[in-house]
Amino acid sequence: MTANIYLPSIATVREVRPETPDTSTYVVSFDDPQLRESFAYEPGQFAELSIFGVGECPIGIASSPTREGLLEFCVRAVGTVTDALHDLEVGDKLGVRGPLGNSWPTTEIEGKDLLFIGGGIGLPPLRSLIQYVLDNRDRYGAVQIVYGARSPQDLVYKEELKEWEDLPDVDFHVTVDAGDDTWDGAVGFVPPFLKDINPSPTNKVAFTCGPPIMIKLVVEALEEMGYADADIITTLEMKMKCGVGKCGRCNIGDKYICRDGPVFSFEELRSIPGALEV
Amino acid sequence: MEDKLQELVVELLGDGAMEYFIGYRQGFEPSHVVPCFVTDKSEADRLIWGPLCLQNLSKYVLQARDLDGKVGLLVKGCDARAIVELVKQHQIERDKIVVVGVPCEGQVDPRKMEQVLGVSMEQVTDVEDAGDEFLVKVGGEVSKLGKEQVLRDKCFYCKHPTSFDYDYTLGEVQPFTIDSESEEYDAVEKLEELPLEERRAYWLKQFERCIRCNACREVCYGCYCKECIFDRTDPRWLDRTPLPRENEIYHLIRAVHLAGRCIDCGECERVCPVNIPLGRLYKKLQKDIAELFDYEAGMEYDTVPPLVDFELDDQDPFL
Amino acid sequence: MDRKKISKADLGRWLDTIAGKYELIGPTEDEGIIQFGPVQSSAELTLEYANSLIPPKSLFFPPVESLFAFRKRGEEIQLEETKPLQQDRVIFGIRNCDVGSLSLLDRVFCDDLEDSYYRERRERTTLIALACPTPPRSSCFCTTFGIDPLSPAGSDILLTDVGDVYLVDAVTDKGEELVALGEGLFAPLTEGEEKELQPPPVDMPQLDVRELRERLEALWEDEYWEKLSLPCLGCGICTYVCPTCHCFDISDVGSTSDGVRYRCWDSCMYSDFALMVSGENPRPTKRERTRNRYFHKFSTFPSRYGTGYACVGCARCLVHCPGGVEITEVIKDISAKEGVSDR
């Protein structure tokens, strides 16, 4: 962060990778070489991206700090700022303010088996941690990834998914709500798909990110399988503006999603009035 | 009259004729009257009536849209015009509302009363209607104030001292006139006489104070859009920043949207925390609409506001 | 510093001296509204006021302010931070409820992610509080929240009107510097005056808030919120006149090549405040929004910042709410609510 918490740093788009018809990955680097060097973040943190004259919007950092150099953001065009981000081309400038928020736990889960359950555009925030774990492979146990999207073309990171599928120490499962001619994989929603896989809760921590309805059903499924609330970890989404716990918008109970989140365990969420109504 | 009102409300709630009744109660101090939502018979004794029952409660009937049953409300003659318009503009079915008409002989403008008395309304412990004057109690002393000194502007030109459309009524009053030194459109005409630039400067200075609390919009019966143009984010027509330019657009758009529908209830000006003379702006619209279309909003059920209606032979030189 | 006095006739001279060195801000009246604003001379000030409509939080956290300007020059984007102040300031006439609110806002804006705009304004401002007139307004209830309208706590100088003179308590270095500017205008109190010149005690209704937070937290699901929110019109007055509310919005004005990023006050009572672009709204009706506001004041703010309640009893919302939602009634209702355990 800069000394002025509202002042973004200027960055340049180095690469644009279309992921789905409405989602692209933007690979950016700060213009200030010193900042490129010093910018430190943890997996799960986010940044406020600025298109000057349009506004700011919070986007999770999809890359892992273990892979030095560039920052990746996976952006779906859903509003004015994300639409404007989609107009960016390689070489264009944008503002980046961050890193913001808390992060996925990385030390507390050492030695544990890890289960990642992503839906649609919920994979990028998980991917930051997945990459981190793969780059620190010996600190963690077995890795299981369950991913689903509406259709084959709505799957993000199509190349990387193949790599994960081929990794001997990753148990990878993918499904789509509705298949097409190109698809010979599983078809069906993530929660029942997960139940079929029936991953054991023993010594395991589950991370889930995706549309609210998917998270709700995934958590129900995990609880049925015997996962404890403390071992189910997710990210919450609320409307944000300042990103630094001041503008009063993104609270649930006495927590601001932008500062105390976005990462919460279900154990924490159950203790906050109204948190599970969101 | 309060007894009669309270009895009626108890009866109507008891019959299940309505889910709740909206009237007035005393607020934190005697001169502060606020809306009162009576959901249970036991609360009916909080209802009051008097010359400080200022608020036009009609906006609240829109909340009945989400209810199975009806809502009842106390309606002054002037406020009945809002009910008429809401029904005409298809915002609510008339049979969702139980209108209890109340005879009104004029409402106090607290800002005028403070000026005349030279004390804050905080010290006024009672205001009683006594025909041509109000009996005002301050610190145990009762003084008489001629109505012409302290009436709300709109009361000078009151056309319906009793609600003309009601399901129940608490009585009737004859139309009355209060002598006033000024005519209905004097303030508007004075502004109209100013050169365009001075007129604009006048309004810009007023709008500059606006804090964009939206109270004028929220209290207005006519601001019922499901998504207000000011709240749209995509595209964003108007920024929320209370900068002079944005404030000007805010008030002018609202004025244009209300042209032909404004019923001159004066609520926008009354609730404005920074005293912007919005009544004057809306009075100008009312004057223009009357001159151009011979129309006055909310006076009867079988006409349509001119700007929400069209005829095939309408002139369209601007197209 | 020992208590001093200044005659009413000399107050203006002192303030004018201050105005020569600082930006002087104080209560003025315009269009029937009391507001705190900059003045060139003490003659522009009014002393006939209970309090301002808009709380002086606006002088630290303005209704609208530029954060920075952006300019595109060729390929480059230049950002220019806005300087919040040109000159050191003195605020004269602030009341103690509003002084109390600043210590609450400090917790929000000066935590470990510090808001440099707010911080600079706080650091470069000296507060001359003016003890409240007696009797207080009938709506006032600051003592409920432990605020003493006659105490210098939180300000740099407290002036207390005791007839012909003001008592002067300078309690900080900044305060003493200002007193030093008025050489010859201040006199020490004689022993007799120490005893004699006392402001009359303040008599104010005191609400019971001892268990407010616990009782409130037990009411999260209660139907009370539905009923309470019925008369709420959904405007932002309560939040804009509140000295402790701090919600804001950030938006860009201008083009993509030349413009300003502003922040402006926003209100949690607005229906679109927490509305997400997906169309989901965690606080979709007035019920949830009203509940959120009172929880913020009496539960989540104290819990988050380890403070007392985030209300200073200034009664502005009480007086100005067009729907008549009265915070004092809410406090009483919660205290009287049956079925909520007395702990």
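Which domains is chain A divided into? Let's start there, and keep in mind that what we're looking at is a predicted model. Chain A splits into domain 1, residues 9-100, and domain 2, residues 113-235. If you take the C-alpha centres of those two domains, they lie 24 Å apart. The two domains of chain A do touch: 15 residues of domain 1 are in contact with 14 residues of domain 2. On the domain 1 side of that contact, the strands β1 (9-20) and β5 (71-76) of chain A each supply at least two residues. And what sort of residues sit on that side? You get 5 nonpolar, 7 polar and 3 charged.

While we're in chain A, there's a peptide bond to look at. The bond from Gly261(A) to Pro262(A) is cis, with omega near 10°. You'll find Pro262(A) in the loop between α7 (257-260) and β15 (263-265) of chain A.

Okay, on to chain B. This chain has 10 helices and 8 strands. Its C-alpha atoms fill a box of roughly 60 × 50 × 40 Å along the principal axes. So how does its radius of gyration fit with a compact globule? For 319 residues, such a globule would come out near 20 Å, and chain B has 20 Å, so the two agree. Buried residues make up 43% of the 319 residues in chain B. Now take contacts in chain B between residues at least 6 apart in sequence: 68% of them join residues at least 24 apart.

One residue in chain B to click on is Asn214(B). It has a positive phi of about 70°, although it isn't a glycine. Asn214(B) sits in the loop between α6 (196-208) and α7 (215-219) of chain B. Is Asn214(B) buried or exposed? Asn214(B) counts as buried, because it has 24 C-beta neighbours inside 10 Å, and the cut-off for buried is 20 or more.

Compare that with a residue over in chain C. Glu31(C) also isn't a glycine and has a positive phi, of about 50°. Its place is in the loop between β2 and β3 of chain C. Glu31(C) has 12 C-beta neighbours inside 10 Å, so this one counts as exposed.

Let's stay in chain C and look at helix α1, residues 8-21. Its buried residues are Leu11(C), Trp14(C), Leu15(C), Ile18(C) and Ala19(C). Why do we say they're on the same side of α1(C)? Because they cover an arc of only 145° around the axis.

Pro135(C) is in the loop between β7 (125-130) and β8 (157-161) of chain C.

Now, how do the chains meet? Take chains C and A: the contact uses 34 residues from chain C and 31 from chain A. On the chain C side, the elements giving two or more residues are β4 (64-73), β5 (76-81), α2, β11 and α9 (286-305). β11(C) gives the most here, with 6 residues. That side of chain C divides into 19 nonpolar, 9 polar and 6 charged residues.

Chain C also touches chain B, with 33 residues from chain C and 25 from chain B. Here the elements of chain C giving two or more residues are α8 (237-240), β11 (248-254), β12 (258-265) and α10 (316-320). β11(C) has the largest share on this side as well, with 3 residues. The residues on this side divide into 16 nonpolar, 10 polar and 7 charged.

Last stop, the inside. In soluble globular proteins, nonpolar side chains tend to be buried together. In this model, the largest nonpolar core has 251 residues, and those with the most contacts inside it are Phe73(A) and Leu73(B). The largest share of this core, 7 residues, comes from helix α2 (96-109) of chain C. And if you zoom in on Phe73(A), leaving out residues up to four places away in sequence, it touches Tyr26(A), Val28(A), Leu49(A), Ile59(A), Ile61(A) and Ala62(A).

Methods
Residues are numbered from 1 along each chain as its sequence is written. Chains are lettered from A and ligands numbered from 1 in the order in which they are written. This is a predicted model: local features need pLDDT of at least 70, side-chain atom pairs count only at pLDDT 80 or more; totals for chains, interfaces and linings use all residues. Helices (H or I, at least four residues) and strands (E, at least two) are DSSP runs, numbered from the N terminus. The arc is that of the directions from the helix axis to the C-beta atoms. A nonpolar core is a set of buried Ala, Val, Leu, Ile, Met, Phe, Trp, Tyr and Cys residues joined through C-beta atoms within 7 Å. Two residues are in contact if their C-beta atoms, placed from the backbone, lie within 7 Å. Ala, Val, Leu, Ile, Met, Phe, Trp, Tyr, Cys and Pro count as nonpolar, Asp, Glu, Lys and Arg as charged, and the others, Gly among them, as polar. The radius of gyration is taken over C-alpha atoms; the globule rule is 2.2 Å times the number of residues to the power 0.38. Domain bounds come from an automatic or database domain assignment.
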